[in-house]
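This briefing goes through one protein structure, topic by topic. Keep the sequence and the model in view while reading.

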Amino acid sequence: MTDLRIEEAARAYEPEILRFAQEIIRTRSYSTQEENLVNLVKKKMEELEFDEVTVDGIGNIIGRVGNGPRNLLYDAHMDTVWAEDRANWRVDPFAAVVEGDLLYGRGSSDEKAAMSSMVYGAAIAKRLGLLDGFSLYISGTVLEETCDGLAVVHMIEHNGFHPEFVVICEPTSLDVYRGQRGRVELKITTTGTSAHAAHPDKGDNAIYKMAQTVLNIEKLTDTFKEDPFLGKGTAVVSIIESKSPSINSVPYESTIYIDRRITVGETKETVLAEFRNAVYDPEHTTVELTEYEDTSWTGLHVQQEKYFPTWVLDEDHPLVRAGVEAAAEVRGEAPAVSRWIFSTNGVAFMGRFHIPSIGFGPGDEWLAHAANEYVRISDLYQATRFYALLPSKLAREV
């Protein structure tokens, strides 16, 4: 049974938690366009008397409650994928429609609604004195959907903020997650020689050579490593392009793009090596990581190679134990301890900076990016209780 003080406080806040989640969903915030949502969350943090609220250079919003010597961070990204395909939605994706226990809308599971639970959970923890030596931070990070972890790198390397523990609030169906596969995005380019299509023997067809490489990649997937917890690595050739003087010419260049999901023991170095060995014509082929480059809503130019490391936290780590205990208390049953199939900001928090991280959030992973995305409203209320309770549970573990 949850601490009765948390139960009473959370229940009193439930109408506000739902209303705020609806406001968040109604505020469009595609990647690089998060400013209005950042301002909305900033206003709410100030209304709830957070001790500090800042917006950093890349556009992340970071709020703090408490002044303890140890730092615990809850993170949710503010941006969403596109949702202008109205014909595929049974409700307006930005109307935040409520039907029974379901709240519909783009970002409801991934992961806007979690921000409402996080903010109110932190407010309850402060009000009830449950921080137990922790400073509790809430971050709304930007650009995650286009380059997961980039905004975290800015937070840590440019702001100098290095939390001791992190909870990633992507959807986990209120279970506790402790890892995910990483990924590498690759570009392979093969060159040939152009000639008139009436005399193909005079040229060197780059598409034909690339086709052989694609077949080699299909066979290569059988050799990928498999981890008993995270599963096996995968590769998808997702885009193929070519260049030719005209439709009546032999193509002189062909490029493919690959999404390579990596498991334990696989890195960008191992991935580059395996794909270089798989190309059909190595003398005329380059294999390289792709680059992300854009401008954040603040006007900051950002750039990063598209390598996102795998990470796993030991099941016996104090943060996992505290998360399981808090989840069991608010749910009334033990949660599953599992992992995400998709990628999160954990690729930076733990994959890059080795900060102990777990996942806990309302909503279901399979609903991310889906038409008719929704979150259970009851999940929002239970998540709020979890976020209020966790600092005290973690304090007993560490």
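A residue is called buried when its relative accessible area is under 20%, exposed when that area is over 50%, and partly exposed in between, using a 1.4 Å probe and protein chains only. The model is predicted, so local features need a pLDDT of at least 70 and side-chain atom pairs count only at pLDDT 80 or more, while totals for chains, interfaces and linings use all residues. Residues are numbered from 1 along each chain as its sequence is written, and side-chain values use heavy atoms, with hydrogens and water left out.

**Cysteines**

- C147 counts as buried because its relative accessibility is 0%.
- C169 is also buried, with a relative accessible area of 0%.
- A disulfide is a covalent bond between the sulfur atoms of two cysteines.
- Here a disulfide is counted when a pair of cysteine sulfur atoms lies within 2.5 Å, and the structure holds 0 of them.

**The cis peptide bond and E111**

- The peptide bond from D110 to E111 is cis, with omega near -25 degrees.
- E111 lies in helix α3, which covers residues 108-127. Helices (H or I, at least four residues) and strands (E, at least two) are DSSP runs, numbered from the N terminus.
- E111 is buried, as its relative accessible area is 1%.
- Contact means heavy atoms within 4.5 Å. Apart from neighbours within four places in sequence, E111 is in contact with D75, A76, H77, C169, E170 and P171.
- The C-alpha atoms of E111 and M78 are separated by 7.5 Å, and these residues are 33 apart along the chain.

**Positive phi outside glycine**

- E49 is not a glycine, yet it has a positive phi of about 65 degrees. E49 sits in the loop between α2 (35-47) and β1 (52-55).
- E49 is exposed, with a relative accessible area of 57%.
- A96 is not a glycine either, and it has a positive phi of about 55 degrees. A96 is in the loop between β3 (70-77) and β4 (98-99).
- A96 is buried, with a relative accessible area of 2%.

**Helices α3 and α9**

- The axes of α3 and helix α9 (residues 377-397) come within 7 Å and cross at roughly 40 degrees. That makes α3 oblique to α9.
- Axes are lines fitted to C-alpha atoms, for helices over the stretch in contact, and angles run from 0 to 180 degrees between N-to-C directions.
- Angles under 35 degrees count as roughly parallel, over 145 as roughly antiparallel, 65 to 115 as roughly perpendicular, and the rest as oblique.
- The crossing of α3 and α9 is right-handed. A crossing is right-handed if the near helix is turned clockwise from the far one by less than a right angle, and left-handed if anticlockwise.
- In α3, A113, A114, S117, M118, Y120, G121, I124 and A125 meet L380, A383, T384, Y387 and A388 of α9. This contact has 10 nonpolar, 3 polar and no charged residues.
- Ala, Val, Leu, Ile, Met, Phe, Trp, Tyr, Cys and Pro count as nonpolar, Asp, Glu, Lys and Arg as charged, and the others, Gly among them, as polar.

**Helices α5 and α6**

- Helix α5 (residues 206-220) packs with helix α6 (residues 268-278) at an angle of about 130 degrees, and their axes are 9 Å apart. That makes α5 oblique to α6.
- α5 passes α6 in a right-handed crossing.
- T213, N216, I217 and L220 in α5 meet E274, F275 and A278 in α6. By class, this contact has 4 nonpolar, 2 polar and 1 charged residues.
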